[in-house]
Amino acid sequence: MAEASGRYGVAGQGPEGQGVRDLPVRGRAVCTGFIESVTHQPPSEQPFFSAVVVDSVRPGGGVPNMGAGGVRKPYERLRVIWLGRTRVPGIEAGVELRLKGMVTQVDGLPAMFNPRYEILSRQEHL
């Protein structure tokens, strides 16, 4: 039986994607959110650039997320990691972006390694 995938490779997914709370435990996904924080590694460490993304689809509260079997997922953040990079252009706190990649679990949190991304908006600095 063939799975009906949309243009973005995720069944039933439109271009907006889904929020962090709606991510699967594992697998390909499209996600929209805001960058809450970024982490820079010291020069003595292996290079990688990391950001924490929070939900922008249902900010603050809303209906509790129920996963398969009616079990609520315990996370509301996504860790995004770009390996071999010390900086990613345009990625800074407050930026809204769409991510496309494989979701996995790292230390109990969902994570995407080297995802494709599109910047949707950024905060204006006064």
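Here are some notes on this predicted model, point by point.

1. **Ground rules.** Since you have a predicted model here, local features need pLDDT of at least 70 and side-chain atom pairs count only at pLDDT 80 or more, while totals for chains, interfaces and linings use all residues. Residues are numbered from 1 along each chain as its sequence is written, and side-chain values use heavy atoms, with hydrogens and water left out.

2. **The overall layout.** The protein chain has six strands and zero helices. Read from the N terminus, its elements go β-β-β-β-β-β. Both kinds of element are DSSP runs numbered from the N terminus: helices are H or I with at least four residues, strands are E with at least two.

3. Of the 126 residues in the protein chain, 36% count as buried. Here, buried means under 20% relative accessible area, exposed means over 50%, and partly exposed is in between (1.4 Å probe, protein chains only). The protein chain exposes about 7700 Å², and 53% of that comes from carbon and sulfur atoms. Those accessible areas come from the Shrake-Rupley method with a 1.4 Å probe; for residues, only the protein chains shown count as cover.

4. **Who touches whom.** Take the contacts in the protein chain between residues at least 6 apart in sequence: 62% of them join residues at least 24 apart. A contact means heavy atoms within 4.5 Å.

5. **The nonpolar core.** Which residues have the most contacts inside the largest nonpolar core? They are L78 and I91, in a core of 18 residues. Strand 1 (27-40), strand 2 (48-55), strand 3 (77-83) and strand 4 are the elements that give two or more residues to this core. The term covers a set of buried Ala, Val, Leu, Ile, Met, Phe, Trp, Tyr and Cys residues joined through side-chain atoms within 4.5 Å. As background, nonpolar side chains tend to be buried together in soluble globular proteins. Have a look around L78: leaving out residues up to four places away in sequence, its contacts include V20, L23, V53, L99 and M112.

6. The structure holds two aromatic pairs. In the pair of F49 and W82, the ring centres are 6.1 Å apart and the planes sit at 40°, so the pair is tilted. F49 is in strand 2 and W82 in strand 3, so this pair ties together parts that are 33 residues apart in sequence. Y117 belongs to strand 6 (residues 116-121) and W82 to strand 3, so here the linked parts are 35 residues apart in sequence. For the cut-offs, rings of Phe, Tyr and Trp (its six-membered ring) pair if their centres lie within 6.5 Å; planes under 30 degrees apart are stacked, over 60 edge-to-face, and the rest tilted. Ring pairs link F49, W82 and Y117 into a cluster. Is W82 buried or exposed? W82 is buried, at a relative accessible area of 4%, whereas Y117 is partly exposed at 30%.

7. **The salt bridges around R21.** The count of salt bridges is four, each being a side-chain nitrogen of Lys or Arg within 4 Å of a carboxyl oxygen of Asp or Glu. R21 meets D55 in one of them (3.6 Å, N to O). D55 lies in strand 2 and R21 in the segment before strand 1, so the pair ties together parts 34 residues apart in sequence. R21 also meets E76, at 3.7 Å from N to O. E76 is in the loop between strand 2 and strand 3, 55 residues from R21. Together, R21, D55 and E76 are linked in a network of salt bridges. R21 is buried with a relative accessible area of 8%, while E76 is partly exposed at 36%.

8. **Another salt bridge, R77 with E36.** Their closest N and O atoms are 2.8 Å apart. R77 is in strand 3 and E36 in strand 1, 41 residues apart. Relative accessibility is 39% for R77, which counts as partly exposed, and E36 is partly exposed too, at 37%.

9. R98 lies in strand 4 (residues 96-106) and is buried, with a relative accessible area of 15%. The side chains of R98 and E118 are joined by a polar contact of 2.6 Å. That term means a pair of N or O atoms within 3.5 Å; within protein, one must be able to donate a hydrogen and the other to accept it, and residues adjacent in sequence count only if both atoms are side-chain atoms.
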